[in-house]
Amino acid sequence: MHLLIIDSFYIWEKLILVVFIVTLCMLVAMYATYGERKVAAFLQDRIGPNRAGPFGIFQPLADGGKLFFKEEIIPLASSRTLFVIGPMLAMTTALLTSAVIPWGPALHIKNRNVPFQIADINIGILYIFGVVSLGVYGIMIGGWASNNKFSLLAAIRGASQMISYELAMGLALIALLMLTGSLQMSDIVDHQVHGRWGGFLSWHIVRQPLGFLIFFICALAECNRTPFDLAEAENELNFGYHQEYSSMKLGFYLFAEYINMFISGVVMSTLFLGGYDIPFVNEASWHIDPNWLAVIGFCVLLAKAFFFVFVFMWIRWTVPRFRYDQLMNLGWKKLIPLALLNMIVTAVVVLWMRK
Amino acid sequence: MNVTQILFWFLSVLALFSALMVVTSKNPVHSVLWLIVTFFAISGHYILLNAQFLAIVNVIVYAGAIMVLFLFVIMLMNLNKSTEPKKNKWLTLAGGVAGGCLLLVLVAALKNSEIKQQVAQVKEGDIGLIKNLGNELFSTYVVPFEISSILFLSAMVGAVVIGKKE
């Protein structure tokens, strides 16, 4: 079967790539917690964590160690298996998205072109959608299995928020797909790198500013970040869907949120900010080793993603939380019509330009 | 046995086992979760046939959207064993007989059909890729496609009307 022609080099290549990317996500998520506290401290005119190591950079290790050594409590009235599966699912779905993202230009190792991407599938964007829509289960199963009314309410809130904002997100992306004509992630990045308008003008954010805005707001809601963090509104629901969790199971839920944040930053950079494209320069004219080019492109992508992560944190410590009806009004009555309008205008323009 | 066959048998066993678990689970939430596993196994079969679009849409629509709504309702109704109404023994028997009749009809209908001679293309089938599927849907099957979309639209309007009762 031609889908499964594999040699040992291919297996090793993919294995190393998977390990590298998962480790990267974990590391970034770890330091995102540190970053969050530092950003919060900066915005509130405090100093933030500064005890563990220079500038407090060992703080995430200390936090992780604390979570590992805490007592693990599984409530008697909970349904045990699902209680354990919940955080596992949250973590898995958070990490799964990274598989289709092109992290950089292709590498050249021993006369072979090694794509810097785990799976360049035909339906890249739809895959991201699929995984995002499965992200609901981690929250719902965890909240229900806790057998606690507050957890259940928080889980239902979180899930309904996520499925509501998925719609606007999808509609915003349809406009983008009309421009590229492909669902393959590598094609979408190529389209921006070798765009007709040259430089960063061919990035999709230039042609789809409204689509980008809608996508960004939806990404905030999908990650359950403030101002849309109604699933863990502590003054209404104690602590949210992970109230009954302790130890590393709680850690997984909190960690998954940071991984989601990082991944959604990467997805936004890939779809709208040109992916690994270096702005203002034409890197093809440099004539340097393609491996170095891949490393530079990868760093550029990370820089863009970190910028988004920073903006997420900035928003969290600036904007107050929405009320639930406001959240639903924004999602259903403002974002979806806007996204539909954006889609129709884009379709008309695309057809008119092609005439 | 090559990799494809191993995958096929694994997915088939998984699909059948989880489908059985849907029926036999006592707890309705567990049933829904097993149903999600079933959908994943079926999506795996689609991928084996290289129908990537169908596979991922199956996951998005069924596992990602419809089953979430099922879970919503079941979790909010909080169906426990104590609240579950006692089922009549005759009702169970009637259900079994009816299900058996359906199985009989399906087997009889499919026994001599043409499908049996058609072997699934696992090697070179690319009709399931999104480009071919889109071309086919919007050229050959454009009328049924549009009619079904109107059907969906009217269903949506109907749902809004029902939900908006004064």
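Here is a short chat about a predicted two-chain model and the terms used to describe it.

User: Before we start, what are the ground rules?
Analyst: Residues count from 1 along each chain as its sequence is written, and chains are lettered from A and ligands numbered from 1 in the order in which they are written. The model is predicted, so local features need pLDDT of at least 70 and side-chain atom pairs count only at pLDDT 80 or more, while totals for chains, interfaces and linings use all residues.

User: What makes β1 and β2 of chain A a pair?
Analyst: Strands pair if DSSP finds at least two bridges between them. β1 (residues 104–109) and β2 (residues 112–116) of chain A have four, in the antiparallel sense, with L107(A) opposite V114(A). The two strands form a hairpin with two residues between them, and K110(A) in the turn has a positive phi of about 50°.

User: What makes a residue buried, and what share of chain A is?
Analyst: Using C-beta atoms placed from the backbone, buried takes 20 or more others within 10 Å, exposed is 12 or fewer, and partly exposed is in between. By that count 44% of chain A's 355 residues are buried. In chain B, with six helices and zero strands, buried residues make up 14% of 166.

User: What counts as a contact, and how many residues does each chain give to the one between A and B?
Analyst: Two residues touch if their C-beta atoms, placed from the backbone, lie within 7 Å. Chain A gives 21 residues and chain B gives 21. On the chain A side, α4(A) supplies the largest share, nine residues.

User: How do you know the class make-up of that chain A side?
Analyst: Ala, Val, Leu, Ile, Met, Phe, Trp, Tyr, Cys and Pro are nonpolar, Asp, Glu, Lys and Arg charged, and the others, Gly among them, polar. The tally for chain A's side is 17 nonpolar, four polar and no charged residues.
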